[in-house]
Amino acid sequence: LVSWARRCVRDRIEFVREALPKIEGQSRYRAALHAIVADCWTLLRDRDRAESAIEEATEIAPDEPWIHVVRSRVAEAFGDETSADESVNHALSLNTDSRAALEARGRRLLRAEGPDAAADFMKDHESRAQSLYLAMTCAEFLSTGERWDEVDALLPRLHELAQCAEQPFR
């Protein structure tokens with residue numbers, strides 16, 4: 001199973017390498033592909049290649065919050081909690097409404113301070129957003145903290161957001 005998973009990740013890296021020359025000049029997409037490669041190298045536990053790929057992504061699109069969220073995942077995977085927090089904070093400074101950055105901050109809080117801190121953070125932000133993803137993450141954190149009454153109170157909002165979501169979420 002492990003060798004199959006490694007082969008799948010390596011196939012994804014190869015796919016991205018083949019796609020990069022085809023999107024010359026489209027910096028946001030090029031940066032995203034480099035970030036995907038960074039995630040893949042992180043899964044394969046290759047720190048040097050992961051950091052190299054995320055550096056390339058950051059050089060191409062330094063103001064893209066999602067790139068800094070990936071940077072945070074790379075740092076966290078290799079035990080650099082300080083850099084992981086700094087990257088998430090930077091992503092939020094670029095866009096305080098970034099779904100990826102808000103979810104990453106919540107997950108960092110879950111890890112560092114526990115489910116109550118993560119749930120409180122996510123409740124505050126998800127209530128202002130129209131995001132099914134954030135509402136689902138909030139429900140996850142609330143249930144992790146066994147705050148069942150609050151999960152029940154969130155269900156109508158989840159239902160409402162799911163009605164507006166794309167087909168795969170219905």
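The structure is a predicted model. Two packed helices are described by the angle between their axes and the distance between the axes, and the points below give both for each pair, followed by the residues that meet.

**Helix α3 with helix α4**

- Helix α3, which covers residues 47-60, packs against helix α4, which covers residues 65-77, at an angle of about 165°, and their axes are 10 Å apart.
- Angles over 145 degrees count as roughly antiparallel, and α3 and α4 are therefore roughly antiparallel to each other.
- Where α3 passes α4, the crossing is left-handed.
- On the α3 side the contact involves A50, E51, I54, E55, A57 and T58, which meet I67, H68, V70, R71 and V74 on the α4 side.
- Sorted by class, the contact of α3 with α4 has six nonpolar residues, two polar residues and three charged residues.

**Helix α2 with helix α4**

- Helix α2 spans residues 27-43, and its axis comes within 10 Å of the axis of α4, with the two crossing at roughly 15°.
- Angles under 35 degrees count as roughly parallel, and this makes α2 roughly parallel to α4.
- The crossing of α2 and α4 is left-handed.
- From α2, the residues A31, A32, A35, I36, A38, D39 and T42 make the contact, while α4 contributes W66, I67, V70, R73, V74 and A77.
- The residues of the contact of α2 with α4 divide by class into ten nonpolar, one polar and two charged.

**Helix α4 with helix α6**

- Helix α6 is formed by residues 99-113, and the axes of α4 and α6 come within 9 Å of each other and cross at roughly 25°.
- By the cut-off of 35 degrees for roughly parallel helices, α4 and α6 are therefore roughly parallel to each other.
- The crossing of α4 and α6 is left-handed.
- In this pair, W66, V69, S72 and E76 of α4 meet A100, A101, A104, R108 and R111 of α6.
- Five nonpolar residues, one polar residue and three charged residues make up the contact of α4 with α6.

**Aromatic rings**

- A search of the whole structure for aromatic pairs finds zero of them.
- The ring of Y133 has R99 lying over its face, at 4.4 Å from the ring centre.

Terms used: Residues are numbered from 1 along each chain as its sequence is written. This is a predicted model: local features need pLDDT of at least 70, side-chain atom pairs count only at pLDDT 80 or more; totals for chains, interfaces and linings use all residues. Side-chain values use heavy atoms; hydrogens and water are left out. Axes are lines fitted to C-alpha atoms, for helices over the stretch in contact, and angles run from 0 to 180 degrees between N-to-C directions. Helices (H or I, at least four residues) and strands (E, at least two) are DSSP runs, numbered from the N terminus. Angles under 35 degrees count as roughly parallel, over 145 as roughly antiparallel, 65 to 115 as roughly perpendicular and the rest as oblique. A crossing is left-handed if the near helix is turned anticlockwise from the far one by less than a right angle, and right-handed if clockwise. Contact means heavy atoms within 4.5 Å. Ala, Val, Leu, Ile, Met, Phe, Trp, Tyr, Cys and Pro count as nonpolar, Asp, Glu, Lys and Arg as charged, and the others, Gly among them, as polar. Rings of Phe, Tyr and Trp (its six-membered ring) pair if their centres lie within 6.5 Å; planes under 30 degrees apart count as stacked, over 60 as edge-to-face and the rest as tilted. A charge sits over a ring if NZ of Lys or CZ of Arg is within 6 Å of the ring centre and within 35 degrees of the ring normal.
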